[in-house]
Amino acid sequence: MATPAAFERQTKVVPYVLQKSQTVDNVLPPQRRWHAVEIFQTVIVQEEKPETLSDFFDFHPVVSPTIVPAKLKKIPRPSLIARSFEPHARKEILELLAARISEVRQTLGQPGVATAVARLRADLKKGYEVASLRDDMANFASAISLLQDYCYMHWSKMSADQLTRLENTLILMRKKSEVSPKDITRIAAVLREQGRSLDYPSTVQLYLDDEESSDEGKDKDGED
Amino acid sequence: MKSPQTKAKTKTAKTSAPLSYLDTSVLRQLRFGHPEQKKALIASIPAPHYVSTYVLMEFIRGVILYYIELYFESAETRHPSFADACTFSTETFSNRDLKTLLGLIISLMQEQGFDPANPANKETCRRKLQDHIFSVAEELFSLYRNVGIAEEACSKLRKHLARKELEERDDHMLEFSEAFKNDKTCRSLCSVDALLKANEYRNSYQCVIDKGLAAGSTPTTKKLAAALKERIDSPDDTTCTRCSKIGDVIIAVNCPHNFQIHTLDTSFSTVAPCFSREVQIHPSTKALLKM
């Protein structure tokens, strides 16, 4: 007769999941049933190690293999290569945004301008969501974010000319084979310059001397 | 290469008005202020706008670093949505201005059609915040010109926050934040103690202390004067935290003589004259909207 300590040392807890139409009675042999505890559908089997078995052997109760019922998964729908290949996906979004900007420009001063702006805003959001979820489109997502920020701050002040320039910045991105962080910095600078010209009554006020300011720009770059 | 001061002299010869040197308060209002305040500041501060490295550092410390913290905090699974992370940060940050900043980022996202309260949008909102951090940092270094004077030689900005590829962005932000927050290294590289000991500014410092501690001065000026007195008495014990309390004095020291300080901070009405600097104190948003 095994002592409690010896019993603890010699037993092993093995979870056993009962299949449909199985019960503790018809799965486990009678000598093991008294050890079985049923918790929902899991049966914990505590089996005493036979004295004849060596300590070197792993000790498992005899269990039948788990049968997982086969389940048909949804087959993914075939996607267009235009949407999965980054330059094509980017071009598609850019074309849509350019069309929206053009729509805003055409409706400036007309009752439909608010609707056009709402459409542009919604498409910018959709474009950002699509691009930000893809790692290969992260830089493009940053570019859309810049456009969103620019429109958020300045759209009410934008003229037809400003919108044309905004459209032109999109063309820059459409032609690229890939958008790098440097391209984003460049686009940010273009948008900032446009934003500044909207904020300040005259760009002459920004640079006291054109020649000097261009020299300064170089100097600053050199310092950096 | 011409020094910024030489360039400034050339410009002063052409224009009679002093050049504009912005304090951190103006910088913040120009970026995050009320539209009326922005309009008023743009109309009254002649461009181009100059700043010092110390001002840039103060802006980053007060804005960008908190945004970086929020970005990493929002990644935690205990915040189901981005708005939850913002609420958590609002409750942790004691500074009133920072609460405003967090409110601004939420309203910016909502205005652009995102829903920060929706857990499904959490990652998009985080990416948006990341883009915002890089945009603000980039704007800061390109929109303003540096006067090129840093008497205290603040070393917190020895690393720049520049746009990177997606996989490098998180590490880059962490690296930037770590370098900025490492007060021990930063303090070992700067020379604020030498600036506080300099004979050249001794009378100016005394003037700030005397005027600031005099009866009738504002509580902010009194606080500044007391902190400056403490620093003058023991300049070697200056830490980055202690230095931040005399920020207005350092900003005034770094202002070239042919420039005018533009600020919203009333303590400059005491500090600027002591350093023989011109100052224009702009009205606060509250005062402006009452007009």
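**Overall build and domains of chain B**

A compact globule of 291 residues would have a radius of gyration near 19 Å, and chain B agrees with this because its own value is 20 Å (taken over C-alpha atoms, with the globule rule being 2.2 Å times the number of residues to the power 0.38). This is a predicted model, in which local features need pLDDT of at least 70 and side-chain atom pairs count only at pLDDT 80 or more, while totals for chains, interfaces and linings use all residues. Residues are numbered from 1 along each chain as its sequence is written, and chains are lettered from A and ligands numbered from 1 in the order in which they are written.

Along its principal axes, the C-alpha trace of chain B spans about 60 × 45 × 45 Å. The secondary structure of chain B consists of 16 helices and five strands (DSSP runs numbered from the N terminus: helices are H or I with at least four residues, strands E with at least two).

Chain B has two parts to look for: domain 1 (1-52 + 190-291) and domain 2 (53-146 + 155-189), with bounds from an automatic or database domain assignment. The centres of these domains of chain B, taken over C-alpha atoms, are 26 Å apart. Where the two touch, domain 1 of chain B supplies 20 residues and domain 2 of chain B supplies 17 (contact means C-beta atoms, placed from the backbone, within 7 Å). On the domain 1 side, the elements of chain B that give two or more residues are α2 (24-32), β2 (49-51) and α14 (247-253). Of these, α2(B) gives the largest share, five residues.
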